[in-house]
Structures are given as C-alpha cells and as structure tokens.
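Good morning, colleagues. Please turn to the sequence and the structure on the screen.

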Amino acid sequence: MSPARRSDVTTVDQAPGRSAPEGRAAFGVQVASGSSPIQEPDMIDHRRLGRELDLFVSDPLAGAGLPIWLPAGAAARHAVEEYVRELERRSGHQHVYSPPLGKRELFELSGHLGYFADDMFPPMRLSADDEFVLRPALCPHHALVFRARGRSYRELPLRIAELGGMYRSERSGVLGGLSRVRAISLNDAHTFCAPDQVGAEVARILRLIREAHAALGVRPAGLRLSLRGPGGKYVGDDAQWARAEELLRGALAGVDYVEAPGEAAFYGPKIDIQIMDAAGRESTISTIQVDFDKPERFDLSYTDSDGSRRRPVMLHRSLVGSMERLFAYLIEVHEGAFPAWYAPVQLVLLPVDDGQADAAAELARRAVDAGLRVEVDVAGSLGARVRDAARRRVPYLGVLGAREAADGRLALRLRGGRALDPMPAAAVLALIGGQVAARAADLLPAD
Ligand SMILES: [Zn+2]
C-alpha cells in the first residue's frame, strides 16, 4: 500500500472523510480545537470510549500520534489480526516480515523521497554515506521480496502480505486518538502479476474486502475510482496511466462506483472502498491500486512461458487498512460493543457469593482452555458487578449461584440484558465457542 499525493491527503490509512473540512480527521474526531462549527455527539468519540474501555492510551511523554494499545485493545486487535492473516492465507497470500526502516537509497529508488518526502520523517544520518529512513509504505521492501530470486510466470499472481509498521510525519495539530497517527500498522499486500491477470485479481480482492467487512461489522458506503487530477506530481507516462485506468474500469464493470479525479496515488489510479462512520461521514480504509511504475524502478521481471523476460504489474491492496484507523472506526460504529469474536473479554463469571468462588475459578480454567477470553469478578455486590460488565460491553455474563454450582449449571446473561435459563456449563462454553468460531455478529445462533 502506499501513499496518495500530499495535496489530496487521502491515503488508505490517513484518509479524512470526504465531507470533513480541512483540519479534521475522520470518524468524528475533532482535531483543531475550536476551528470547526460541527459538534460531534460525545457518545461516538472513539477516544472517550478508548479511555473508558481501557483500549489504548495516548501519553504526551511517548509523543502525539503514538498511541499505546492497552491489554484490552491489544486483545481485540490480536483477534482481528489473526482473522485477517487466516483470510489471506486461505486466499493464496504468502506472509513476510520486513523492517520499518531502510537505507535512504531504497526510498530514492522507490520514488518516495522524490514525491512523498513531505509526509516522511527526516532521514537519520549515521555517517556521511549512511542514512536511514523510517518507511512511509511497505511497497519498496515487497519489491525486494519479488526480486530476491528469479521468478517464473508459473508463480504469478504472487501475493506478498504483511501487517507491517510504517511512519508518517503528520503535523501535531491533526493527530487524534487512533484515527490519525504517526506510527501505522498497515494490513498490506502486493500482488505481482501479468497484465492479463489484473482484472481477475482485482475482482478477487474486492470479494475478500467484502468478506472482511462483513465479519468485522464494517458498513461499506460504495466504491470510488480515484484518478489523476490536473497538476500535482505523478510518476509514469500517460500511456501507463491510461492502461491502469482501463484495467480498473474493466474490473469494476457492472458495479456502481463514483469517480474522484485528484484522489489517485502518485504512481497510479486506485479503487477506494468507502465506509460510513457513525456520524455519517465517508472515508477510506480499504483500497486497491494498480502500479506500472515500481516494477520499472526496481527492474522487476519474470520469465514467461516462451522464455522471454517480462515486467510484472504490481497491485497494492489493503483489506482493512491500518489497525489504528480500523479500530478508530470499529470502536465508534459498535460503540465499544464488539462482536464476541474480537471482544477483549468474552465472558465474565460472577459467583453470587464466596461459596461458588472455587466453581467459578474451575469453570474459568475450562473456558480459557477452550480458547475464550474470560474473567472471574468477585469484588462487590452482584448488582455492581453486573453493571460493571455492562459498562465494559462484555458480551456474555455467567452468574453462578449455589444451586447452579451444585449441579454444574450456569445462568447466562447476554450483553443488552437478556437472561437465559440456566444451562449446563459445557453447553454455555460450546454456545460461546461456536459464536466466536463462526465470527458471528450475534450473541446467539440464529435458529
Ligand atoms: Zn504498496
């Protein structure tokens, strides 16, 4: 994935809502105090929910735009990362690790220092001929993955994926919570393919994006074809741009989309999958970009079936964008009440009194062994503990009284207040485990 031009600001991970005025980030985060006439309802501010639910913290000592994920936020993010990695694995991606910084020459070759330096941190100079750069995108490293050895047409499409760190030198005035940050963890992948494979690959990526959005509870707001605008700095020649545009239009045949001149990346046009935030503003988290330029710059080639050397096309894509921007959105759209599969704590067990404490601890051990995130809460009155679990948006609450403890049953309450009749503890764990494994949006099976 990679950056859009500075002038249009929009990138996969740092896109302001289209209707958001300058100086505001997406997702209802007011970033320039007192500068906007629009007042957001406090209830949909992910920063407030992030504090209340102990998801993340922004400490001035660590620096603006450099949030720290607390255990609850990290647990939710871990579940989402595992899901995305598995989805990618099943769809033919190969995962790599690459470092978040590299030599200056790497980013000169990629074009980032020529076209995107305003968004990058200044190079770090170790000696007169040794400078390092915090990367603003993963593409240069993934081009080196392709180049690591000779490639054959049989390997194409080659899909290289990574959830990787990258950095943007955002001005401190625009930073807010998770929606706009300086250290970014991007769900990214690059497909290297033959030109005649682009259409099928783009269609395939669009299907994956739809699948991921459905599982996470992301509400799509339509597709946007982002094209070159007048002026601005773009690499490549007109023929390359026309060809890339034609390929994306072909992939979008039969689908509704809007065109957005001036929203392209500096090296090629892209499809942006727009989402609607809780306040009704549109922004981008998922995107697909066609790039003829980086394969030229990195002199990438493969051996075709007739033995000739061919240049691959590079597709940049993100299914769910950066973890930061994704969670800024998810926290707000779900108001902190995540689907059970990525809820930080899925089940809280409440022994009615000390007599059931051992039974609750034993049941918690079984739940942990079954792969669930569970806590036992023994402090305070039952009513106060129920209210605390509701405040934390815990999806399942298991109440354990003397009678339930004696016959191995559990009275389950769902987030939202619905109480079920006591069930055998094993049936409760199977019910929750089933909903989590299915990554269901609802807390009970639909039957
Ligand atoms: Zn890229």
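I shall speak about the domains, then an annotated span, and finally a pair of helices.

Please bear in mind throughout that this is a predicted model. The domain assignment divides the protein chain into domain 1, residues 6-333, and domain 2, residues 340-437. Taken over C-alpha atoms, the centres of domain 1 and domain 2 are 39 Å apart. How many residues of domain 1 are in contact with domain 2? Six residues of domain 1 are, and they meet seven residues of domain 2. On the domain 1 side of this contact there are six nonpolar residues, with no polar and no charged ones.

I turn to the annotation. The unreviewed UniProt entry places the feature "domain: Aminoacyl-transfer RNA synthetases class-II family profile" at residues 71-339. In the model, the end C-alpha atoms of that span lie 18 Å apart.

Lastly, the helix pair. Helix α2 comprises residues 71-90 and helix α6 residues 198-216. Their axes come within 11 Å and cross at roughly 155 degrees. Angles over 145 degrees count as roughly antiparallel, and α2 and α6 are therefore roughly antiparallel to each other. Is their crossing left-handed or right-handed? The crossing of α2 and α6 is right-handed. From α2, the contact is made by Val80, Tyr83, Val84 and Leu87; α6 contributes Leu208, Glu211, Ala212, Ala215 and Leu216. By class, this contact of α2 with α6 has eight nonpolar residues, one charged residue and no polar ones.

Thank you for your attention.

Note on methods: Residues are numbered from 1 along each chain as its sequence is written. This is a predicted model: local features need pLDDT of at least 70, side-chain atom pairs count only at pLDDT 80 or more; totals for chains, interfaces and linings use all residues. Domain bounds come from an automatic or database domain assignment. Two residues are in contact if their C-beta atoms, placed from the backbone, lie within 7 Å. Ala, Val, Leu, Ile, Met, Phe, Trp, Tyr, Cys and Pro count as nonpolar, Asp, Glu, Lys and Arg as charged, and the others, Gly among them, as polar. UniProt positions are given in the numbering used here, feature names are shortened, and annotations may be inferred rather than shown by experiment. Helices (H or I, at least four residues) and strands (E, at least two) are DSSP runs, numbered from the N terminus. Axes are lines fitted to C-alpha atoms, for helices over the stretch in contact, and angles run from 0 to 180 degrees between N-to-C directions. Angles under 35 degrees count as roughly parallel, over 145 as roughly antiparallel, 65 to 115 as roughly perpendicular and the rest as oblique. A crossing is left-handed if the near helix is turned anticlockwise from the far one by less than a right angle, and right-handed if clockwise.
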